[in-house]
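Let's take a walk through this structure together, one stop at a time. Keep the 3D view open as you read.

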Amino acid sequence: MKRSIKKVAVLGSGVMGSRIACHFAGIGVQVLLLDIAPPPPEGGFQKPSDKNKIVNDALTAAIKSNPSPVYHKDVIKKISTGNFEDNMKDIGNCDWIIEVVVERLDIKQKVFEQVEQFRKPGTLITSNTSGIPIHMMAEGRSADFKKHFCGSHFFNPPRYLRLLEIIPTPHTDPEIVEFLMSYGDLYLGKTTVLCKDTPAFIANRIGVFSMMAVMNIKEKLQLSIDEIDALTGPVIGRPKSATFRTGDVVGLDTFAKVAKGVADNCPDDEAIDNFKTPTWLDKMLANNWLGDKTGQGFFKKTKGAGGEKEILTLNLDTLEYGPRIKPRFSSLEAAKPIDDLPTRLRMLVAGSDKAGEFYRLFHYGLFSYISHRIPEISDELYRVDDGMMAGFGWEIGAFESWDVLGVTKTTEAMKAAGYKVAAWVDEMIAAGNKSFYKIEGGKKYCYDPASKTYKVLPGAEAFIVMSNYTDKQIWKNGSCRLYDLGDDVLGLQWFTKMGSIGGDVLAGMQTAIDKAEKSYKGLVIANEGANFSAGANVGMIFMLAIDQEYDELDMAIRMFQNTMMRARYSSIPVVTAPHGLALGGACELSLHSDKCCPAAETYTGLVELGVGLIPGGGGTKEFVLRASDEMHEDEPETITLKNRFLSIATAKVATSAHEGFGLGVYRKGLDEIVMNQGRRIAEAKKSVIEIYDSGYTTPVQRKDIKVLGQSALGALYSGIHAMRTANYATEHDSVVAKKLAYVMCGGDLSEQTLVSEQYLLDLEREAFLSLCGEKKTLERIQSVLKSGRPVRN
C-alpha cells in the first residue's frame, strides 16, 4: 500500500507534544494539535476560544522557547489547534495520529477509546510513551487499530535529538513498521531504531543505567558533582551537559521515574540494584529540587554580591549549595590536547590517578550491562549504539567504545576486576572475532550474535561514511583525505580543529579538483565531525598580521580566493554537503559550489565582521554578484544591495538550512536540504552524477556584475553614521562597515558600472588586508582565539 503523510494529529500539547507538532510542521506537514479544554469557570459559561487556552498557551510557549523548535517561523501557519471535546472528530482527516498525553496507562487508554470513534480505518496511530508497555495500551482496541498501532518515541527536543524509537507490538503490521522506520529517516531526519517492547526500550534503558552507574561510582570514589561532570562530558565524547547537568535538564522526577520503572519491571536484570535511587536523590525529590523546571537541582543559579550571575553546585553529603570548584586530574589535563577521541579514550582509561580508576569502573560496568541486554532489548547490537548516539548525544556508541579499548584486552581486565560478560561475547572472542564492528570495501559490518557472523549495516548506500573508505583513499596531506566513493566520484574531507580551513585544506581542495578533472565525474566536499567548518584559520591570519607579514598574508588571501574560484569554475561539478557550523570561509565554499546539500541542522553565515574583518575568500564578491542578479525594476536597486550588506555587516547566521535560503546563502531551485544528516554525503554524490550526466560544462567567469557606486555608497555611509551616532556600533565597527560598503558598491564610482568578479575580488582582498593592520581587529581575533569558540555575531 502506497502511504503518504499529509496531515498529522498530535494529541497532547505539553513540552513534547507541542514540539513534535512544530517538527512535523517544519518538514511541511499540516498538523492538528489537540489538548484538553480547561474546566469552565463558575457559572458554567465558557467562550469557544477559552476552550483552546491550554493548547494555544503551550504552542506559544514552545515557539518562544530557546533553542527554537522550528526551522523558520513561517511553519507555525501549518499548525491548527483545538481541544479533545470539540475537535477529536477532526482526526478523521489525518493520516497519522500521535498520542503524547500524560504518562498514565489509564489516561492513554481513555484517549485511544475516543480516537477509535473518529479515526478512519488504515490511519497510523502511535504513542510517544517513554516507558509504558506498548501492547498494554492497545488492549481492548479493534483489530484494525492494533494492526496500525505501535510506539514512536521521540526524544526532547525533537528537532535536535535525532533518535526516534519505533516499538511494535505482536499485532503491528510489519509493513507499518517498515513505513515508520523509513519515514522517520527520510522525512523527519531521524535515526530510527527498532526496539523491543521492553521497559524503557533501548536508549533510556542504557542511558539511565549509565547515569545511575556514574552516581554509584561517585559514592565509591568520593567524587564531587563538578568532578563527575568534568570526567563525563566532551572529553569522552559526551555532551557538555555530561551527567548531573543532563539530570537537571531532563528533570530529576523524569529520571527517577524511568529508573523506578526498570527496577519495578525488570526483576531479572542482573544490575537491578543499580536502578535503586540513592537517599540523597529521594530527599531532592521530596524538596522539589527537580532541576531546571523548578529552578534548582544539582545546580542552582543565583546572583553574587555584585549582582553577577553565579552557578552553585549541590554537595550531596550536606545537601547544601556552594561555589563551583574546577576539578584537577593529571590524566584529564594530559588527554585534553589530544583531538582524536579513540586515542584520548584509551589514554584516559589507562590513567593511574583517580580519574583513570573512574573511567575503568564506568566502562567495565557499561560493557557488562550492554552485553547482557542482547538479545533482551535488541537482537542487533548496532541498534544500542545508534540509540545512544542519536538519543543521548554520544559521539561513539557503547559497543564501539569497547572496540576502541580492545575487546579481548578489556574483557580480560573486566573479569579480573569482577565484572561478567554475556556468554555470546566469550563465544565471539573464542571464535577469533576481535571486534564488534569491522570495515571492508567501504562498508561497515557488525557482529550478529544469533548467526555468529558479521552482517553489513543496513543503508550502506544511503549513509556514506568517508572514513570507512580507507582502503579506497587515493591521496592525503597533513589535514586532508581524498577517497574514491565509487561511480567515478571523489570525496574530500579534512581533520582540523573545528574544521578550520588553512593552507593544507586549500591545497587539498585544489588537488582534489585536479584529480577529479583528470579521471572522475566530480567531487563531493564534506566532513564527518561535529561541524563542517567554523571557517578560515584565524590563528594563521593573526600570526601573519601581528608579525606584519603582509606579503605572506596577501598570498594566503589570494590562495583562498583562487581556491573558491577553482571550485566554481572547474570542469567538473563540485558539490558540498555541510552540517553543523558552516561559517565564514565554509560559507564562502558553499557559495562557490555548483550545488550545496546542507543538512537541515546547518548554521551558516558570513561572520567575519565579528572579528573586525570582511569576508575575504570571495564571500563579499559573491553577495554583490547575487544582489546584482536580484535587482528588479519594480524596487530600488539600493534595497537589494542593502539587504545583502546588512547580512554581512551584522554577521547574521542562519540557524537552520531553511533560514540559509532566506539569508541568500543557498539558492532556491538548486541547493537541496537533506533532512537526515547521515544521508547528506550520499545525496551530494548523487547530485554530482546527475549534474555531470546532464551535460555539465565549465561556467564562464562573470563580467556583467552591476555595482552602484556613489549612489549606493552614500546611502550606506549615512546608515553607518546613524548607527554609530545612536551607539549601536563602535568606532571600529564603523571603520569595518565602511570598508565593506566600499567593496560592495564597487568603489567610489561616479555611476553604475558593470564589473568582473576579479575586479570585486581585488577590492575585497585590499580591504581585508587593510583591516588586518587595525589594532582593534587584532584584539578581536586574539579574544576569539583565547575563547576557543568560533567567530559569531
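**A guided walk**

Let's begin with I377, which you'll find in the loop that runs between α15 (354-372) and α16 (381-392). Bear in mind as you look around that this is a predicted model. Is I377 buried or exposed? Its relative accessibility is 0%, and since anything under 20% counts as buried, I377 is buried.

Now for the nonpolar cores. The largest one has 110 residues, and the ones with the most contacts inside it are L11, F298, F358, Y359, F399, W402 and W424. Which helix gives the most to this core? That's α8 (residues 203-221), with eleven residues.

Next stop, a sheet. Here three strands form an open sheet in the order β9-β10-β11, and the pairing is antiparallel. The edges belong to β9 (299-303) and β11 (320-323), each of which pairs on one side only. From one strand to the next, the twist averages 45°. Zoom in on β10 (residues 309-315) and you'll see this strand pair with β11 in the antiparallel sense, over four bridges. If you'd like a particular pair to look for, take N315, whose bridge partner in β11 is E320.

Finally, head over to a pair of helices, α24 (residues 619-630) and α25 (residues 637-649). Their axes come within 9 Å and cross at roughly 155°. That angle is why α24 counts as roughly antiparallel to α25. As for handedness, α24 passes α25 in a right-handed crossing. And which residues meet where the two helices come together? On the α24 side they are T620, F623, R626, A627 and E630, and they meet T640, L641, R644, S647 and I648 in α25.

Notes. Residues numbered from 1 in each chain as written. Predicted model: local features only at pLDDT ≥ 70, side-chain atom pairs only at ≥ 80, totals over all residues. Heavy atoms only, no water. Pairing = 2+ DSSP bridges. Axes fitted to C-alpha atoms, helices over the stretch in contact; angles between N-to-C directions. Core = buried A, V, L, I, M, F, W, Y, C linked by side-chain atoms within 4.5 Å. Buried < 20%, exposed > 50% of the residue type's maximum accessible area, 1.4 Å probe, protein only. Parallel < 35°, antiparallel > 145°, perpendicular 65-115°, else oblique. Left-handed = near helix turned anticlockwise from the far one by under 90°. Contact = heavy atoms within 4.5 Å.
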